[in-house]
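Please examine the sequence and the model before reading the points below.

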Protein chains: 2
Amino acid sequence: MIIDENINTDLRKIEDQFKSAISVDCVIFGYDEDYVDLQALTLDCNMSPYEGQFSLVGDLVQPNENLDEAAQRILLERAGFNDVFLEQVKTFGSIDRHPKGRVISVAYSALVKLSEFKIASENPHHPSWQPFNHLTEGNMAFDHFEILQASIQYLRKHILTLPVEYMLPNKFTLSQLQSLYEAILNEPLDKRNFRKKILKLDIIKETKEYQKNVAHRPAKLYQLKRNRKKDAKEAIS
Amino acid sequence: MIIDENINTDLRKIEDQFKSAISVDCVIFGYDEDYVDLQALTLDCNMSPYEGQFSLVGDLVQPNENLDEAAQRILLERAGFNDVFLEQVKTFGSIDRHPKGRVISVAYSALVKLSEFKIASENPHHPSWQPFNHLTEGNMAFDHFEILQASIQYLRKHILTLPVEYMLPNKFTLSQLQSLYEAILNEPLDKRNFRKKILKLDIIKETKEYQKNVAHRPAKLYQLKRNRKKDAKEAIS
DNA sequence: TCAAAAGTGTTCCTCATACACCCATGC
DNA sequence: GCATGGGTGTATGAGGAACACTTTTGA
């Protein structure tokens, strides 16, 4: 018994020594033509002192997985999302950012289509989409609001080189695309200038189809030109 | 004895579990008007299997220090450099990037003036300035060449918003500044266009002094306008 | 015929680029 | 007087910003 206690004490010492851990936090932005507002994926935090607040989708990195792999796994395990194009944004390492000890967190971010990433209602982590503008320093756990801010800033800065069209249906109108840009940038854009710029980027092509059953002149539908996801990956490296 | 061995075995198990660590690697770029070439700060690596290769200035992050603080401390301890403006670049976390176990490394980068950051010859870590272009995948330890590449890419991309003038003497000529830009970008620039662009940036001001004792028309000397270091810090956030 | 969104062109300004010659000094 | 780098202006084209009216459809 005494021996066991000694062992435990020693173990605890070691644990203290190594009480720093690495985690990944994923900032997933969601959008859908019908929603208007940009959404962000959150979990319900049940860790003291943050009970009832929102947290990002995060977990510890395992010893046998790369950071990028960890991000994919965590997103699958906690939110049920597969095959998402994640990018590293920044690393957060303040001493006291986590109440349980030293946790250094690498932030990743991605863009998804709400209609394709429905949340399973029985998920024990209670993931949910929250309107981006409703998330505040006050209702987010840990330093996750700061991470959210860094991610939206990254997204806004790189909006022209990120595959944001993946947040839209396969075929979409230019107005839908413009609404998406406006949701991300949180500012109105000029229609004519927007069209000129997008068409010059040479990433989408028009189809021969038009909207149907709309109470106004039907809009032409557009499609992606190539594999923009792959392009984006290559462009970033 | 048996007991002790058991304890050690248990400790080792725990150590294995927690054998992931966090480090910071600093990529310090150095320049001096007389050198022409951009330099990078390296240490002599003596860890197998990288003996004789160059490494970046890095070390483990302590449990009680923030990442930014760790970068400052490590740079001071290993290279003797104080008060350097460091910026986080990217985090590297491949499973097998370090032979001794799982080490996740946060890369930081900074710009310094060679003449102000002389290396103490008795330094046990053997820091040295290496011409940037001489560093290769082949002569750098770990994944440090990859980190170096990410850092120079970051520097080139942000050259207009980073306080690169801090790599020059207090008073400098526009030609000296142009040479610095050319060293960083590794490409020649047009003299007239360069001057127009820099002067429009409104970050330097002319003095009433001129070069002396040069065998050609003496150049006007310029100075920084404000605290560009502070400006840069605010601009990044 | 009305409401609602689609679609379209021009002007102005700023900025990037390309490019060549005279100027002041030390030797 | 000559070698050396300092210093300057202009023309052209691309891209961003501002701005208003006509078209097509369903109801």
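The points below concern salt bridges and the surroundings of a DNA strand.

The model discussed here is predicted. Across all chains, the count comes to 20 salt bridges. Around DNA strand C, there are 21 surrounding residues.

**Salt bridges of R73(B)**

- R73(B) forms a salt bridge with D59(B), with N and O 4.0 Å apart. R73(B) belongs to helix 2 (residues 67-79) of chain B, whereas D59(B) belongs to strand 4 (residues 57-60) of chain B, so this pair ties together parts that are 14 residues apart in sequence.
- The side chain of R73(B) also meets that of E65(B) in a salt bridge, at an N to O distance of 2.6 Å.
- A further salt bridge links R73(B) to E77(B), where the closest N and O atoms are 3.1 Å apart. These two residues, R73(B) and E77(B), are 4 residues apart in helix 2 of chain B, and about one helical turn therefore separates them.
- In chain A, salt bridges that share partners join D59(A), E65(A), R73(A), E77(A) and R78(A) into one network.

**Burial of the residues in chain B**

- R73(B) has a relative accessibility of 18%; because buried means under 20%, R73(B) counts as buried.
- E65(B) is likewise buried, with a relative accessibility of 7%.
- E77(B), by contrast, is partly exposed, as its relative accessible area is 45%.

**The surface near DNA strand C**

- The closest of the surrounding residues are S175(A), K191(A), K220(A), K200(B) and V214(B).
- Of the atoms of DNA strand C that come within 4 Å of the protein, sugar and phosphate account for 41%.
- Both helix 5 (191-201) of chain A and helix 5 (191-201) of chain B supply at least two residues each to this surface.
- Sorted by class, the surface near DNA strand C consists of 11 charged, 6 nonpolar and 4 polar residues.

**Individual polar contacts with DNA strand C**

- At the phosphate, a polar backbone atom of K220(A) is 2.8 Å from an oxygen of DNA strand C.
- At the bases, a polar side-chain atom of N193(B) lies 3.0 Å from a nitrogen of DNA strand C.
- A polar backbone atom of A215(B) is 3.4 Å from a base oxygen of DNA strand C.

Note on methods
Residues are numbered from 1 along each chain as its sequence is written. Chains are lettered from A and ligands numbered from 1 in the order in which they are written. This is a predicted model: local features need pLDDT of at least 70, side-chain atom pairs count only at pLDDT 80 or more; totals for chains, interfaces and linings use all residues. Side-chain values use heavy atoms; hydrogens and water are left out. Buried means under 20% relative accessible area, exposed over 50%, partly exposed in between (1.4 Å probe, protein chains only). A residue is near a molecule or strand if one of its heavy atoms lies within 4 Å of it. A polar contact is a pair of N or O atoms within 3.5 Å; within protein, one must be able to donate a hydrogen and the other to accept it, and residues adjacent in sequence count only if both atoms are side-chain atoms. Ala, Val, Leu, Ile, Met, Phe, Trp, Tyr, Cys and Pro count as nonpolar, Asp, Glu, Lys and Arg as charged, and the others, Gly among them, as polar.
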